[in-house]
Amino acid sequence: MVFREPERQPSADFKPNIFHARAVTDQDIVGDVHLGWQNRDGDPIGLAVAEVGGTRKGFVGEGFKKLEILARSMGKARPFASIASIEFLQAQIFEWAKTNSHAQPAIGCSDFILKSLAQAATERRIIIPISDLYVESPLAFGSVTITTFPDTLFQQFEARRLPEGESADDHVAWCKSLRSDFQGLAVAEARVFGEPIRARELAIEQIELVVGILRFFAPAHLDVKVVSRIARWGYAPQRTSMTFVADSDGRCSTITTALIDQPGRAVLDDKLKGFLLGAGLSEVREIVSRETRTQLEQSLLAGMVTFGQAALTPDLRARIVWYCAGLESILLKNSSEPILHNLGDRLAMFGYDSVDERATALADVRAAYSLRSDFVHHGLDVEDREIINRFAHHGLKFFLRLAKNVNRFSTREQFIEYIDRMKLSGGQH
């Protein structure tokens, strides 16, 4: 690995009018000074160290690109892929190069990183609140558990020693605000192993999937007038409107604020949990918990999460687009297939057993796609709530039936081929 003097940055043409402090001398510096460069977008483009004596060494420009490539390559290999972030690997490669810039390396780069990783990696509990969700008892999805915000965290914050300069009143107010926001609220807690950055990445990835699955089961899909806010805290904010009413002279006489949508709090009590487990959540939870999944299982989970996104908005146009996207992701072979005919036939054929049920489902799918076309291609409003309600019902039934039968197929292609053969054999499952 070449560890070169970075190229000097071009000087600016202007001289800023700022206060100049006295020059920093070697006596002012303890150890080496780390330098970093960023582009206009804030992305890092260089790392270097300014040693006592004025020497600067590091990775800048093309050298930094090679550093990134090396870190990403290592990030795909074991054991780094599962426990080390790209940022951690870049930092450790830089540390190794800095340590060995003046002499033969006492230890290889990979061994150096493994040693650092052994010190940094440990099991961590990542806890993320979920908006407007309350649970009566814990519900586990593999390494992720949906439970109530731990009261021990409130106690820990309330009992901590105040840092110098922080007033007791401010701390009490902050603790009260914390309890007001999160006491009793559901959280997703993931147990992951890794260094801090990678642990957080892995936890968020796992929690996003589990929360997305819970959102698929939200009551909002049964009535499009209802909105769900089941999402990571802060990712589904309440939408409000504000109106200023002024007289003819421009003097404001009235200010009104109102919620645009009225989200209902989702309470997952044990009775409802038992019903959902019997309806398909049990099978979905088992799939989520598996360390390795088939291609069809991955497609099923991704389709359910996409379908469930519709619950976050009261906008019927957005809802129907999310519903269609979720179904298309699993019911179409490729982007060149005619959507309406294939999706409608396959959903009706697999989702229902009787001819009448299939005919009704196919008619509802066609009506829903007509609304979607009016919006996507012609910019027209979507106002027929009843059609969207029925379309959502068919989608829910389809995904839940597939969850109960997903072990019969390995790939999405096998599943679609099975449905297409059903049409030729008279529609028997």
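A crossing is left-handed if the near helix is turned anticlockwise from the far one by less than a right angle, and right-handed if clockwise. I kept that at hand for the helix pair.

I noted that this is a predicted model, where local features need pLDDT of at least 70, side-chain atom pairs count only at pLDDT 80 or more, and totals for chains, interfaces and linings use all residues. Residues are numbered from 1 along each chain as its sequence is written, and side-chain values use heavy atoms, without hydrogens and water.

**Helices**

I took helices (H or I, at least four residues) and strands (E, at least two) as DSSP runs, numbered from the N terminus. H7 (residues 196–216) packs on H9 (residues 295–308) at about 60 degrees, with the axes 8 Å apart. Axes are lines fitted to C-alpha atoms, for helices over the stretch in contact; angles run from 0 to 180 degrees between N-to-C directions. The crossing of H7 and H9 is left-handed.

Which residues of H7 and H9 make the contact (heavy atoms within 4.5 Å)? From H7 I listed Leu209, Gly212, Ile213, Arg215 and Phe216; from H9, Leu301, Met304, Val305, Phe307 and Gly308.

**Sheet**

I found four strands in an open sheet, ordered S4-S8-S7-S6, with antiparallel pairing. Strands pair if DSSP finds at least two bridges between them. S4 (122–129) and S6 (139–141) are the edge strands, each pairing on one side only. The twist averages 25 degrees from one strand to the next.

How many bridges join S7 to S8? I found five between S7 (residues 144–148) and S8 (residues 186–194). Thr148 stands opposite Ala186 in S8.

Key:
Contact = heavy atoms within 4.5 Å.
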